[in-house]
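Subject: A structure for you to look at

Hi,

Here is the structure I promised to pass on. Please open it and keep it beside you while you read my notes below.

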Amino acid sequence: MLGMAMMMPALLMGQPKWYKKAAKAVFTLKTFDSKGQMIASCNGFYIDADGKALAAYAPFKGAYKAIIIDASGKQNNVSLILGANEMYDVVKFKVDTKKAQPLTMAPADADDDSKVWLIGYPAGNTKTCIEGTVNKSETVAGEYKYYTISMENREGFDCCPIADSDGRLIGIMQPGGTGGKVYALSARYAESLIIKGLSVNDPALKAIDIKKDLPDDPQQAILTLFISSSSSDTLAHAGIVDDFIAKFPTLPDGYVSRAHLEVTKNRFADADADMAKAIEVAEKKEDIHYNYARMIYNHLLTSAHPYEAWTYDKAIGEADAAYAANPMMAYRQLKAQILYSNVKYQEAFDTYQTIINSREANADIWFEASQCKSALNDTTAQMALLDSCIATFSKPYLKTAAPYILARANAQIIAKKYRAAVADLTTYEALMQTEVNANFYYRRHQAELEGRMFQQALNDITKCTELEPTNTFYMAERASLLIRVSMIDDAIEQANEIVKTDANNSDGYLFLGVAQCIKGNKTEGVANLKRAKDMGDNQAQSLIDKYGK
């Protein structure tokens, strides 16, 4: 009998006095997919009385739901994921329980040669506490340990806690132990896992379909809110917004985010109430007034569903409230934009003028002020403002100046300052070499024609035909110009190319006929003009009358 007792495994002998209480922290975890099929089952354990717990990550991958079953047989749901690391196969989570029996965390990781105990899930009257010794440890994640422990390796003990001789938690059992050796990850490392602002894009967390906690740090939580707003998963974003409001009810960001969601659903009264709440709780109320003004303004510009309470005057009032709280240029600019959209061009310009007078005007301010003068048909003032706009940039210009240079070119075309327009278009081309297209060269070609810059016009219309070699419109424009500058043989060649590309295009026969007549071949020329007439060309008859005599 004595020999048999000596052969009994360590797990049935010499149980530490703290074991019975510690074992209550251990539970069975089961995870399920969206169809209710079980994915995996493993052990886990509580680390605080509020229900925070640790287990292996792998069973959670693809999990839609998870439950725990404690030693008394009580079942509870996993309500939140609090952190995860796939490489070390560990996850921290919250169990939906009013009171948990946790293990006490050791203040430091264990040293080599320390005695440790594995605390298994208690099954009936079976004692499941195995003694071992830390064989060696390696440093991971900067300050934590990964243990190799000399201990009996028994099936079904993965993810169980490892405690020191005083019953304090030091590690979580890892899979893969063999030959009397097991491995454990520092429980302090697992406990340190948290959700951060960028965690919303963490692949390990995204692979779990159970709700994730928001960061405890407000700024990190705001970052999560911002990142999720750009996600295509609007349902997930809505959940994060609601969680944010519940966790940070005195911060305005959640209410503003929910208001934006409500606008997309045409729930404008709810959005209005949320913006009012955001203003109430905000410390920097100017930011919320500004966002509120923009929300109303965008609604007025784009929504097909009017909301009576949201008017241009209401938007202007919010912009004014923002400016009153903090006189920033952006708030004045928004007011001017709203006035412009409300067809109050002079009032809009006057508002821009206050910014200009304050010497805070940037290129956008000068440009938008010029648009007011354009709407008021004051082209002289418009051009002066555009000049001031472009003067905010230094030469040599960078691409940031290109849109304003193009705008001035267009204004100069309207003002019939064609050569100046061509100069601006050429500057624009130099800045945007990889982005200009055939339409750009056609527009510059037209300005060059008006400015009697025929060679440049011919170069540009030729460029159009090179960029779009099957576009018969550009071909016809080139043929017309070739005739105008007396390059008749080239005109005939271009007209023939039109006919070859599209035999049903009357322009080809029209310009071919004119060029042939000019060259002296009136018989063929008039015949081609008649073909153009038969195809419905309105210019053909007058040309037939001219050359058919």
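Helix H6 (234–247) gives the largest share of the lining of the largest pocket, with six residues. A pocket is found on a 1 Å grid over the protein atoms alone: it is an open set of points where a 1.4 Å probe fits, with protein on both sides within 12 Å along at least five of seven lines, and its lining residues have an atom within 4 Å of a point.

Please bear in mind that this is a predicted model, where local features need pLDDT of at least 70 and side-chain atom pairs count only at pLDDT 80 or more, while totals for chains, interfaces and linings use all residues. Residues are numbered from 1 along each chain as its sequence is written, and side-chain values use heavy atoms, with hydrogens and water left out.

Back to the pockets. The largest pocket holds about 700 Å³ of space, a volume being the space filled by probe spheres set on the grid points, which are joined across faces, edges and corners. It is lined by 27 residues, and those closest to its centre are Val-200, Lys-212, Asp-233, Ala-236 and Ile-240. Helix H4 (203–206) and helix H5 (218–229), like H6, each supply at least two residues of this lining. Sorted by class, the lining has eleven nonpolar, eight polar and eight charged residues. Nonpolar covers Ala, Val, Leu, Ile, Met, Phe, Trp, Tyr, Cys and Pro; charged covers Asp, Glu, Lys and Arg; the others, Gly among them, are polar.

The second largest pocket has a volume of about 590 Å³. Of its 26 lining residues, Leu-225, Pro-252, Asp-253, Val-256 and Ser-257 are closest to the centre. Here the largest share, seven residues, comes from H5, and the lining divides into eleven nonpolar, eleven polar and four charged residues.

Now for the whole chain. How many helices and strands does the protein chain have? There are 23 helices and twelve strands. The chain has a radius of gyration of 39 Å, whereas a compact globule of 549 residues would be near 24 Å; the radius is taken over C-alpha atoms, and the globule rule is 2.2 Å times the number of residues to the power 0.38. Along the principal axes, the C-alpha atoms fill a box of roughly 135 × 60 × 45 Å. Of the 549 residues, 47% count as buried, meaning under 20% relative accessible area, with exposed over 50% and partly exposed in between (1.4 Å probe, protein chains only).

A few residues deserve a visit. Asn-76 sits in strand E5 (residues 75–85) and is buried, at 11% relative accessible area. Its side chain reaches the backbone oxygen of Asp-96 at 3.1 Å.

Val-343 lies in the loop between helix H11 (329–341) and helix H12 (345–357). Its phi is near 60 degrees, a positive value in a residue other than glycine, and Val-343 is exposed at 55% relative accessibility. Lys-416 also has a positive phi, about 65 degrees, although it is not a glycine; Lys-416 is exposed, at 62%.

Finally, look at Lys-395 and Pro-396, which are joined by a cis peptide bond with omega of about -5 degrees.

Happy exploring!

Notes: Helices (H or I, at least four residues) and strands (E, at least two) are DSSP runs, numbered from the N terminus. A polar contact is a pair of N or O atoms within 3.5 Å; within protein, one must be able to donate a hydrogen and the other to accept it, and residues adjacent in sequence count only if both atoms are side-chain atoms.
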